[in-house]
Structures are given as structure tokens and as C-alpha cells.
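This report walks through one protein model, from overall fold to single residues. Please keep the sequence and the structure in view.

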Amino acid sequence: MRTITKIIVHHTATRPNVERETIDKAHRLRGFTEIGYHWLLHCPDGVWIVTEGRKESVIGAHARGHNLRSIGIAVAGNYQETELPLEARKLLVEQLARICKRHILPADRASIRYHRELSGASTLCPGKHIIKQFEQIVNDVGALL
Ligand SMILES: [Zn+2]
């Protein structure tokens, strides 16, 4: 297994009900071998679920210059434009906690990052409505560990 040092949170900037297949196709069109994220949180049938993207053992394609030792997790939706639904937030916290446990990462801001804050990133991702509550999300992950 790769050594994982951080988890990077994204949004998809699509509708929340986007299917894994749609993102997989879009990423392949961009020249990736498959979907670039390791985990997709989405709401295809009205309920928020976690769907596996790329295997965690495989280097992702989600944050240029930061993929080698990271896990990429994307919340479906556009959180520059809309508030993060509570069910999505709950699932995000739970999934971040599972990834922290698996890779023995502390639930802190060195380990749990969002795309826009990374060096070299030029993006709004994961959107202001996730970013404004990011510290609290990370605190909530800590409470689950
Ligand atoms: Zn992103």
C-alpha cells in the first residue's frame, strides 16, 4: 500500500445525484485512466451514499502535485453555489473518519485538507459552503476516532 499522509476533499461541481459512471467518463475524457477520486459521496436515488472510485492502493488524479500520498474524496454537488446538505455532511465526516483509521492518520488540519488550499491549486473546489465549516468538520471527524 502507498503511504498516505493526507486526505483531500473536493466537490464535483455537478448535481448531487451524479452517477459514478458520469464522472468516470468525464475523467477518462480528460485523459485519466479512470475516475480520479477514490471516494464519491453522492445522492443518486435520494439517499446519500459512499461509492468507491479508484482503488485507494492506486495513485489518484484529483489534485495536481498532491496525488502521490493522498486519498481524494469528492462530495457531489456544487458547494460554491449551494449549502452542504446535513446528510452529506454527516456522511463526509463518517467517511473521513474511516479513511483516517485505515491509514492511521490523526484527524487534524495537516491530514485533512481541501483542494483550494493546496499549493499550486487554482480552483474554488470544494466551494465556500464546505470551506466555511471545514474546521468543524475536521473536529467532528476527531470526535469519531
Ligand atoms: Zn477539487
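Which residue stands opposite Val9 in strand 5? It is Tyr114.

## Basis of the model

This is a predicted model: local features need pLDDT of at least 70, side-chain atom pairs count only at pLDDT 80 or more, and totals for chains, interfaces and linings use all residues. Residues are numbered from 1 along each chain as its sequence is written.

## Overall fold

The protein has four helices and five strands. Helices (H or I, at least four residues) and strands (E, at least two) are DSSP runs, numbered from the N terminus. Their order along the sequence is β-α-β-β-β-α-β-α-α. The radius of gyration is 14 Å, close to the 15 Å from the globule rule for 145 residues, so the protein is as compact as a globular protein of that length. That radius is taken over C-alpha atoms, and the rule is 2.2 Å times the number of residues to the power 0.38.

The C-alpha trace spans about 35 × 30 × 25 Å along its principal axes. Contacts here mean C-beta atoms, placed from the backbone, within 7 Å. Among contacts between residues at least 6 apart in sequence, 70% join residues at least 24 apart.

## Strand 1 and its partners

Strand 1 pairs with strand 4 in the parallel sense over six bridges. Ile7 stands opposite Ile71 in strand 4. Strand 1 also runs parallel to strand 5, joined by three bridges. Pairing requires at least two DSSP bridges between the strands.

Five of the six residues of strand 1 are buried. A residue is buried if 20 or more other C-beta atoms lie within 10 Å of its own, exposed if 12 or fewer, and partly exposed in between; C-beta atoms are placed from the backbone. Of the 145 residues of the protein, 35% count as buried.

## The nonpolar core

The largest nonpolar core has 33 residues, and Ile7, Leu41, Leu96 and Val141 have the most contacts inside it. Such a core is a set of buried Ala, Val, Leu, Ile, Met, Phe, Trp, Tyr and Cys residues joined through C-beta atoms within 7 Å. Elements giving two or more residues include strand 1 (6-11), strand 4 (70-75) and helix 4 (134-144). Helix 2 gives the most, with six residues.

## Arg109

Arg109 lies in the loop between helix 2 and strand 5. It is partly exposed, with 14 other C-beta atoms within 10 Å. Arg109 and Ile7 are 102 residues apart in sequence, yet 9.8 Å apart in space, C-alpha to C-alpha.

Key: Contact = placed C-beta atoms within 7 Å.
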